[in-house]
Every structure is written in C-alpha cells, then in structure tokens.
Amino acid sequence: MGTAPQAPVSTVNDVVSVENRGAIALIALNNPPVNAASHALRQGIQQAVEALQKDPDVEAIGLYGEGRTFIAGADIREFGKPPQDPWLPDLCNFLENSETPIVCVIHGTALGGGLEVAMSCHARIALPGTKVGLPEVTLGILPGAGGTQRAPRLAGVAASLDMITSGKPISADKALEIGLIDRIEDGSPRDIALQATQELAAATLIHCRTGNLETNPDPEAIAAIRQKLQKTQPLLFSPHKCVDAVEASTLPLAEGLKKERSFFQECMESPQRAGLIHAFFAERAVAKIPEAKETPREIGSIGVIGGGTMGSGIATACLLAGYDVTLTERDQAGLDRGLATITKNLEGAVKRGKLAADKKDLILSGKLSSAVDLSALSQADLIIEAVFEEMDVKRSIFTELDKVAKDGAVLASNTSYLDIDEIASVTNRPQDVIGLHFFSPAHVMRLLEVVAANKTAPDVVATGFALAKKLKKVAVRAGVCDGFIGNRILSFYKKAADYMMMDGASPEEIDTAITDFGFAMGPYQVYDLAGLDISWATNKRRAATRPAIERYIPILDRICEEGWFGRKTGRGFYIYDDDGIRPNPDALKIIDEERAKAGITPKKFTPEEIVSRFMTAMISEAIRVLEDGIALRPIDIDAVYLFGYGFPRFRGGPMHTADQIGAAELVKRIEKFAREDGYYWQVPGLLRHMAETGGSFAEKNDV
C-alpha cells in the first residue's frame, strides 16, 4: 500500500489532530511514548469527534495512533487521582453512540482502556504483530469502561472470561479468530485508516455498534471459570468480580454497564487493589538509585564459575538474553553436569514457548563455551562466581580472578549471605567487585539483589542494574550485611516460626496458616524445597557468634543429622514419595523430643496468631534493614519480597502491609510478645517514633 498524500491537518490539542479529507476524516493520536489514555488524549478524541459530527460533509471517521503503538493503556501518572471529564467510560459510550461511523486501526498494543476504546468503535482493523488485552485484573480491578460488556458481545463469554480473568494479552491472529477485530492488514496505521475509512463511507466495510449485538449466554463457561478460580485464586477479589461482570453482559448494554460500574467500584474499595497498585509501582521505583546517572560498563561476554544448579541457571539466563557465556568448573565431570543442566533448561524454555527450537541449537553451538581453567575467562567483561557458600572458597577464587581477569572486568559473587567487602579485599580492584544475588531457579526467578560493597564503583552498580534489565529481572540495590535485604529478614522471621513450632504448632499448621494468608509456600515447605542442609550450614557458620541469651531451636539440625535434607532426599519436615507429600512422622517425633527436653507443654496457636507473629517478625526486621541503610526505601524491601520470596502480590509487600496494620498496633504486638522473649522481640526505634508521631512507610518512598 503506497503512502497517500496528507490533507491539511488541524490540531485539537497537544496530543490529538484531525486530517479532514472531505467525506472522511482521520483522527491521529500522538501522546508519546505509548499513547496513554491521559485526560488530554480523552478530551482531544471527544472534541475531535464532536466537531466532525457537526460537519455535514464527513461520512466516516478513522481513528489511529502515531508512534510505536495505539493506546497502550491508562496513564499511570493519573493513578489514584480523581477522574477528569471526559472519563473513559463516558468517552467509550460517546464513541459507540456516534452518528458518524468510526473505524479504529490498532498497532503495537491496545491494552485496557485502549482496547475498550477500540471495542467502542464500529469496526476494528489490526496490524500484524499487534497485541490486545484487558490486564486490569492484575491491578486488582476489572475493565471499567465497558470491557466486560463489549468483549463478550464480540468474542463470546468463554474467550472474554479467559482474557479478562487472566489479564494476559492475545495476538492479533487470536483476536481475529474470536471476533474482537474484523481483519488484519499490513501497512502504516494512517494508510490503513485512510483506506478503511473510505470503505466505511462507501458502505463496503461492515460495521455496527457493539452494544447492538447480543451476548450468547454460556452458563457452562461461567461455572467452569468460577470453579477454576476457586481452586487457583481463592484469596483474590477482582477475578471473581470480573466473572460477575461478564455474566451481566447478557443484559441490555446500559444495564450491564451499570452492573460493571458497581463491581468496578467494589474492586476499587478493596485493600487488594491498593496492594496490587503498590506492587505495580514497586517494579518501577527500584530502578531509581543514586548510581542511575552513571554509564554502565559495556558487557558483551560473561563468565560463570560453577556448574551447579545456581551457576547453570545464571548461565542459562545470560544465554537467553543473548550474551556469549563461558562456563567453568574445577573438573570435567562437574562441567559436563553443568552443560547438561543448561541444555535441559533451554529445552524447558522451548517447551514453555519462551525460545524457538532452532535458537536453542544456535545458542548451544555459538554462544556457550566451557573450560576447567579460570584463565578461559581472561577476556570476559563480567565474571559471576556461583560456587559453595563458603568464604574461604570464594576468597580463593577471587584471588585467582584478580590475576586472570582483564582490566575493567566486573567481578561478581552470587552469594546469599557472605560479606562482599571481605571477598573484594583479596583483590587489587575492590572497585570492580559487586554482589549479584540471583534466586533459584536463576533463569526463571525475577529478583536480582545488586549488592554494593563499600568500595564498589558507582558505574559497576549501574552495570548490575543494566544487566538485570537485559535479563528481564527486577534489580534491587542492597547494602552489605549478613543476608543483605531478603535473607537477613528471612533468617529473622524463620526464628519466629521455629519458636511457634517448639511451643506447640506443627510445621503443617504453620505452613497452612501462611499459605492461607497468601504466600505461595509456608516456611517449612520452603525449607524442604531449598534443602535443609543449606540452613544447617548457616546455623553452624553462625554458631560461634550466636549470643548466649538468644533462644536456639535445634530441631532442624537434628533432622539434618538423620540425612533428611528435604525434597532432594525424599524427606525433611515432610515426606516426598509416590504416595504424595505428607508430614514426616519421624520429624514430628524429633519435635516432641525437643519440647520434652526443654520442659515445654505444647500450646495451641490459632491461624490468626501464627500469621500475626510471623508477619510482625518479618516487618520488625525489615524496619531494622531500613534503619541500617541496607535498603534505600521501604518499597525496595517490598520489591524483594514480591519478586523473590513469594509474598502475596495483592498484599503489596511487608512494608505496605505494615502501613495497613499501623505502627501503633505493631508496637503493641511486639511489646506483648516481648513478655515471652525480650531478646528476640524488640521494638525498632523507627517504628516507635512513627507510632508516637504518625506517618507511614509509604511517605518514606519518596526520600
């Protein structure tokens, strides 16, 4: 399709313009970078259509977006602010009721309000590669501008439910198949809009008001999705309201829209909506670091030391991001195991649709190399050590790296707990040393703690964040302490769980209470998954410095002494075999024995008491992490727990949860628990100050 010459263009406002060509007119949206549905964009569209409707010569209108996309969604800058007229539901109704027919041309993405605008037009054409979707459920709400009413009229109840309750976008091909769009055409959005609008004026393009269509009732699809959500998302609020709204689409449009607005308002008033919005912003907020102004170092090739589960996962993540990777191990057998794991990881990516099958072979043959000698890393731009969590081993490796790595190479340790300053001290280039704490499986988990040591150069920190972006991970800046942000807090609140276990609660009772709260797994399920031997090694490492006054629970140590390390050995706190997963009676026997030794009469803990102690412990240590400057802001702690520790997204993270509970209530809880154990339960100074003076952790995110 050749590019047609442009007619005179009139400007409606800064983001909307009109090209009037006699019998037809084109409305262009230009609100970079993603044509967000801001107040100016909404106002400009309505003013343009109002003016064109008054023009007796205009018989059809085309609506399209300039730049890289059609309306990609709401303007996040307007989140939490009162809506300004015209707000989106009214605009969509106005477009649908336009006497002059409107064809919409979609390219790039049409998400949320963008797709709702498109469905309000009288015909829809998409460019190849376009993605459309209604992702509002991921923010704790539902499509509130007619999405739950118009999508079922166009695509049917089942397809609409799948799209709306999952929040996942679909391709243009799929949208065409289910009826959301009318056709797919290749070309520039303007040229396609011009041609389609001419067809609309000539009555050769079929069009209609979506509200005039009827939704075919599908009670089986409604029942099936309700049953599925009850199993998979029983704690979430908005997915169930989405089903209620779609079910109402069999009503006349005006009545259905009224129902939709009511359900939308219920979602807006739910605490889950606030938590999910907070989680949405957390992913973006963590990138605001002092070193952001620095230019990252150029990274083209990466060396990974260690072919175990973590090293192989890191290598896989780097390969999937397009880096050249060299894997090293101390012997050929270890190297072969690592290469086999990487191959298996890439095959898994192919099965999940994350990687084309032919690209897997290209990566293995052209991007991955291996060696049993660290000298093979002499030209690597970034070297990531991922070996045993033992300081002597890491010091030895970094001493050798100091000799073989090229000048300017970034030297990173994937340690979960150990002191990056001490690791850096064995080199003559501490400014090049950083912690990159990946989470297992490293090619899947999204969190990356970027640990800045005392002498780490600012551009090296910036490089860590640039790497995370390339790997599609969420990077959070952390300072140096035992465990950094996530594992330091984890080590503390696991003690609260262990104390409850010692005092009467079973591991299963604790895990059930925590998963019912919304966590993906309880603490003892996590213990078993990660490997009890890891926690056992940490216990032994800390034994020499453990204060005599601290209460210590030896149950995990005794389980490990039996050789039970969790899933990998078939038993730990639970048994894992062909009969399924169930509590390990021998572990329960050890628990009873330890209680008897300590003279403890077991007491009952309600699920509410378990959650209260667990969360209060987590929050109190998170506050101390903030006080110590290990985390920059409360929202950084929330991001760590949301993206690395299975914290329920709808609760927003531990610091957001702290604001929901309130500082005064948290102080009251800690003081109550301190009557049992005044060493473990101590009120952080910052929390006491907030309880006395007011304020919230959210207010500290702007510091």
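## A lysine in a loop

Lys 354 sits in the loop between α13 (332-351) and α14 (357-366); helices here are DSSP runs of H or I with at least four residues, numbered from the N terminus. This is a predicted model, where local features need pLDDT of at least 70 and side-chain atom pairs count only at pLDDT 80 or more, while totals for chains, interfaces and linings use all residues. Residues are numbered from 1 along each chain as its sequence is written, and side-chain values use heavy atoms, with hydrogens and water left out.

Lys 354 counts as exposed because its relative accessibility is 65% (exposed is over 50% relative accessible area, buried under 20%, partly exposed in between, with a 1.4 Å probe and protein chains only). Lys 354 also belongs to a surface patch of positive charge, together with Lys 168, Lys 228, Arg 352 and Lys 472. Such a patch takes residues with over 30% relative accessible area and no salt bridge, and joins like charges within 9 Å.

## Pairs of opposite charge

Side chains of opposite charge can pair when their charged atoms come close. The structure holds 43 salt bridges, each being a side-chain nitrogen of Lys or Arg within 4 Å of a carboxyl oxygen of Asp or Glu.

Take Lys 241 and Glu 266, whose closest N and O atoms are 3.0 Å apart in their salt bridge. This pair links distant parts of the chain, with Lys 241 in helix α9 (residues 238-247) and Glu 266 in helix α10 (residues 253-268), 25 residues apart. Lys 241 is buried at 15% relative accessibility, whereas Glu 266 is partly exposed at 30%. Both are part of a salt-bridge network that also includes Arg 226, Asp 244 and Glu 247.

## Two more links

Arg 395 has a salt bridge to Glu 422, with 3.6 Å between the closest N and O atoms. Arg 395 is in helix α15 (residues 391-404) and Glu 422 in helix α16 (residues 420-424), 27 residues apart. Arg 395 is partly exposed at 30%, and Glu 422 is partly exposed at 32%.

Glu 509 and Lys 604 meet in another salt bridge (3.1 Å, N to O). Glu 509 lies in helix α19 (residues 507-517) and Lys 604 in the loop between α23 (585-597) and α24 (607-627), so the pair ties together parts 95 residues apart in sequence. Glu 509 is partly exposed at 31%, but Lys 604 is exposed at 63%.

## A buried serine

Ser 535 is in helix α21 (residues 532-542), and counts as buried because its relative accessibility is 12%. Leaving aside residues up to four places away in sequence, Ser 535 touches Lys 494, Tyr 527 and Leu 556 (contact means heavy atoms within 4.5 Å).

Methods: Patch = residues over 30% accessible without salt bridge, like charges linked within 9 Å, V, L, I, M, F, W, Y side chains within 5 Å. Areas by Shrake-Rupley, 256 points an atom, 1.4 Å probe, with all protein chains shown as cover. Lys, Arg positive; Asp, Glu negative; His and termini not counted. Charge placed at Lys NZ, Arg CZ, Asp CG, Glu CD. Helix = DSSP H or I, 4+ residues; strand = E, 2+ residues; numbered from the N terminus.
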